[in-house]
Amino acid sequence: MPCERKPMRYGHSEGHTDVCFDDEGKCVVTCGSDGDVRIWESLDDDDPKSINVGEKVYSVGLKNGKLVTAVSNNTIQIHTFPEGDPDGILTRFTTNANHVTFNSSGSRVAAGSSDFIVKIVEVVDSSQQKTLRGHDAPILSVALDPSDEFLASSSCDGSVAVRFYYNGKHKSSDVSNAKSLCRLAWQPRSGKLLAVPVDLTIQLYDRNTWTHVSTLSDDLISQVVNVVVWSPCGKFLAAGTVGGNLLVWDVEAKLCIERQKHEKGFTVCGMAWHPSGGRIAYTDTEGCLGLLEGVPSSSSTVQSTKVSRKTHDYDDLFDEDDDRGLDEGMSDSRSPVKKPIMEEDDDDDDLMPATGRPRNRGSFLDDDDNSQGMRCLHKASKEDGSSAILPAVGPAVSRPVYEGPMPTQPQRAFQPGSTPVHLMHRFMVWNSVGIVRGYNDDQDNAIDVEFHDTAIHHAMHLTNTLGHTMADLSQEAVLLACEGTEELASKIQCLHFSCWDTHKDWIVDLPKGEDVRTLCLGQGWAAVATSALMVRLFSVGGVQKEIFSLPGAVVCMAGHGEQLLIVYHRGTGFDGDQALGIQLLQLGHKRRQVIHGEPLPLSRKSYLAWMGFTAEGTPCCIDSEGVVRMLNRTLGNMWTPVCNTRDSCKSKSDHYWVVGVHENPQQLRCIPCKGARYPPTLPRPAVAVLPFNLPYCQTTTEKGQMEEQYWRSVLFQNHYGFLSSSGYEIDSEGQSRAEKEQQELLMKMFALSCKLEREFRCVELAEIMTHSVVTLAIRYASRSRRMALAQRLSELALEKASQIQEEEQEEEEPEEQMDAEESTETRKLSKCSSFSSILVSEKYSGLKYIQAKICSSFEEMKLLLNFVFQEYLINIFKLQVSGAGKSSSSPAGQPRTTNVLDSMTMSNRKPAPLGSTSKQGKAPVLKPLAPKPKSKVHCASMPHRDKNIETFQNAASAPRVMPKTGFQLWLEENRKSILADNPDFEEMDVIKEGMGRFRTLSAEERLNWTERAKGDSDPKKRKREDEEGQVDEQTESDEGRTKKKKPLDTSAKLSAFAFNKE
Amino acid sequence: MDPAEVEFLAEKEMVKIIPNFSLDKIYLIGGDLGPFNPGLPVEVPVWLALNLKQRQKCRIVPPEWMDTDKLEEIREQERKLDTFTPIPSLYYMELTKLLLNHSADNIPKADEIRTLVKDIWDTRVAKLRLSADSFISQQEAHAQLDNLTLMEINTTRSFLLDSLNYMYKLRSNLQPGRSQDY
């Protein structure tokens, strides 16, 4: 459709000019070197309104009734429109600004000046401005992205820079020859493409990847392209050249649909598209204004040619949303479950506010930096909406509203431990072996390989001639790969530096049309996943090995030893979730699949951010929400969350970029990134170590803490089992340490439950304990007078022991030889416990109190394992007993009786002697066996003392489990001398004094006494045991039957333990 | 104490390094160091850090305060106030010199940092001189040395004490009668 070129008319005096339309397209606004801004009602308007704004005007922008001009007095001024009253100065430069432009909503103005600076200013509040530096030459042109995310600027140095304009982060740059004005333009509405005039062509860059998408050119262009402008619909692109050529392309079809020649051949330096399309105003360097009418603006002509678009694949639908507004009819006929509609929803917010459609944008508005394939979703205008720029789309037609879940864009393939490809300086991989950095800037296209441990290999610097974008690093080799281009096939390059021959590297070309998506290295092998849904295995030396197909597009791979982990798209995720599957293969001698494509759990609305193995070889994954999950091999290969890195972040925009996971010691190595998802290569980021923290309930309480610690320890110990089963050597010391830690934790939990009187829970805990620790638990239970518990535990211990024995029996000949003495001890133990359980009644609450006190400080004292404390326990108990025995011989003493009635009567007069007992109980716990100075409190509590002692006496005389200690014997002998020295001493004082004296004895002497005590107590015990045996034969025969059947080595272990401790 | 001695003391300060070798814990009289894992930061004294650096066994992570923004702030503060401001490290001058001389490649903006620290030092020493001057001219009996670092005290100490001694002698000579009292 040919368009009509109206004759040029005089606009300004000779020199640079610029042109734009107002919002409604009623008038054309021009500016020129005469310092005037002229407002033309039409081309034939003979009396245009003139506003003088300065000496020379370089550029003009108009939006929302505000006219901004770049004036020769180095300022950017605002005038009202159409009145033309000065409205202040927006910003200043040190030299004149070359170009000024509004963003799509008119809220901001960007201006580029000859002093190499780009400024972005809020129109409403000119104090809010950002200055962007980075160019080394005067800025030629600036362009703000319609979605307010990027700023593109071109400069005389020939570079085009695109940056995030809110933080000025450098995104990308491209060298172009810039003899022209180099006016850039973002595609309106979506901002998907950036058009850059480069020499005789216009190059289109993709917003997501900053890769060159296509080039528009035409034979007619004989001189440099000066200006490019997009049609408001974003479908057409018009360009003006130095030679005065005007061309219009259909971008989609790359078809030049309009060619016009300036009537005098003057250079076109300003162009503007009418807001409703159909007209282009242009100005030249001679100050003339021209108009092109009838430029195709609606897509009607072109639409018919585009039926073939239906064949676009899924990815394209998401990427090429630019023209979606135009062929709505088509998207209607297609499946409604398609992203573009949603994106249009964002665009058309103001057009159809009444549809009441669920707005799903929230899910896409998370992070601006999660650029791996997600950026195009960041559509929604975050500023004040797109109210002013109703694009020249026909009125929004009603569409069938789809209200179901929306499919998520599948995440792109990535290399774990790499930063996004579009960065100029990036980490291609950072793992436990080393770092591979990629540089792709003006001077250099290179790859640096650096090893954490220089003992592996020295650092390497490679020139990246092939344009590798993927890398992996192992102790043996560096694997690099690039995607294919039109001419070149996708290549894999391997630098096998540990190779012993002279050819250290090999290169493999993939078949045409097949691109490497992701790759990984293992021990002696390399794996490459390709766009053909295939995984190709190579040996590290370059031998091609197995190939196999994947059920879906690969997301990432990781290798460790002989294990290969593959994550792929299992299907389409909905509402922001990804649907990923995972396979774990064992590539060793016995090849097998360990995980057969099961779904990989991720947090809601997150994607996979890192995948790999811990240093010990357990698969581990991290999603974009920062949750670290680890494979639990003992729980049917389930995934257990072990840490949330976001919990440690100070601010919401901070992230941790994980570089490695270690199980022994438990370390999550990561790089803290302030306000970003990825670290920059410079300054060199430092690794921080995060602890693991399983999300157990109530970790503020002691119980929750210990449970978390226990299960964490169990989980992180799993790798020992795996490693030993797959034939690796393991750190057995570490393993035993971990086991010991677990048992200690269990014992602590046991003690805690005991304290809380949760006996059932105690038994549950004991069930997890190892046999030897159960015996310890029994001791603890009996010490704390929980005989019922002790009894249950002893049953449990027997069970456990029998299990162990059965296992042993299976392996070797059963040991028939049972020690008689040991078996009697077993019986004795059970008897004692049953007997004492009858006798122990609530009148021992005084005693219980002591024990509770002891318990509370127990935990701090490494529990029962503390030898000193044990001895003390025995001592204090015995002391009381012996003391009571002595005092009973005095007239005031009670007769020594052991029958039930007696204890009943005593329970009646049991005003709990808390005062004295607590004193006695407390002080020595903190400082065992420390002599305590006499106090008046003590005397005051004297009346209670006897009863207190009686309770002890009863308790002691009944079971008499404890043997006499050395101190006791010593005290018996030395009591007289103490009494002789201090005739006024009470019983307790005697004991105190005795304690003090005993402590002054030399170690040998004390040992001597202990020896004597051992020799002494055993026969006594046995005698007593015989007496008691008759008393409760009944009980024993009831419960002891099972025990007798299997006379076990439990008691042997227990007694051995007891003797060890003493 | 001469500057070398102060520098020696400064070498006891801890600094983070990223080793490129692996080594178990080492047990020294001053305490245990390590374990050293390649790529993982570990705290060691400056003397060891410099030694390892010279043997190219590690990279030094500059201390947190060794950053242009923070130093600029300190410099402004130092210039604004008449008194001495608190300094992030008691050995800032020595550490800057040591680290910048030996591992400038690991420290971003090394030159700027050098200038800034030198500025801070100059400001502080000028203040010190000024206060010493007023100390003498006003014949004060004592002066507070809050927030002064060892190095700063040592630069002025010998000179100040010697000159005070001389002045005392001179004064007592001026007034022979009174000098006998002492």
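Student: Which residues does K127(B) touch, not counting those up to four places away in sequence?
Tutor: This is a predicted model, where local features need pLDDT of at least 70, side-chain atom pairs count only at pLDDT 80 or more, and totals for chains, interfaces and linings use all residues. Side-chain values use heavy atoms, without hydrogens and water, residues are numbered from 1 along each chain as its sequence is written, and chains are lettered from A and ligands numbered from 1 in the order written. Contact here means heavy atoms within 4.5 Å. With that cut-off, K127(B) touches E78(B), L81(B), D82(B), T83(B) and F84(B).

Student: Is K127(B) buried or exposed?
Tutor: Its place is in helix α5 (residues 110-137) of chain B; helices (H or I, at least four residues) and strands (E, at least two) are DSSP runs, numbered from the N terminus. Buried means under 20% relative accessible area, exposed over 50%, partly exposed in between (1.4 Å probe, protein chains only). At a relative accessible area of 12%, K127(B) is therefore buried.

Student: Which backbone oxygen does the side chain of K127(B) reach?
Tutor: T83(B) is among the residues K127(B) touches. The side chain of K127(B) gets to 2.7 Å from a backbone oxygen, that of T83(B).

Student: What about the nonpolar packing: which residues have the most contacts inside the largest nonpolar core?
Tutor: A nonpolar core is a set of buried Ala, Val, Leu, Ile, Met, Phe, Trp, Tyr and Cys residues joined through side-chain atoms within 4.5 Å. The largest one has 37 residues, and the most contacts inside it belong to I17(B), F36(B), I60(B), L71(B) and Y92(B).

Student: Which element gives the most to this core?
Tutor: Elements of chain B that each supply at least two residues include α1 (3-10), β1 (14-19), α3 (68-80) and α5. The top contribution is 7 residues, and it comes from α5(B).

Student: How many residues does the other core have?
Tutor: That core lies apart from the largest one, and A766(A), V773(A), I778(A) and A781(A) are among its members. Its count is 28 residues.

Student: Back to chain B: what share of its 182 residues is buried?
Tutor: The chain's secondary structure comes to 7 helices and 5 strands, in the order α-β-β-β-β-α-β-α-α-α-α-α. Buried residues make up 40%.

Student: Is E83(A) buried or partly exposed?
Tutor: E83(A) lies in the loop between β9 (75-80) and β10 (86-92) of chain A. Its relative accessibility is 46%, so E83(A) counts as partly exposed.

Terms used. A polar contact is a pair of N or O atoms within 3.5 Å; within protein, one must be able to donate a hydrogen and the other to accept it, and residues adjacent in sequence count only if both atoms are side-chain atoms.
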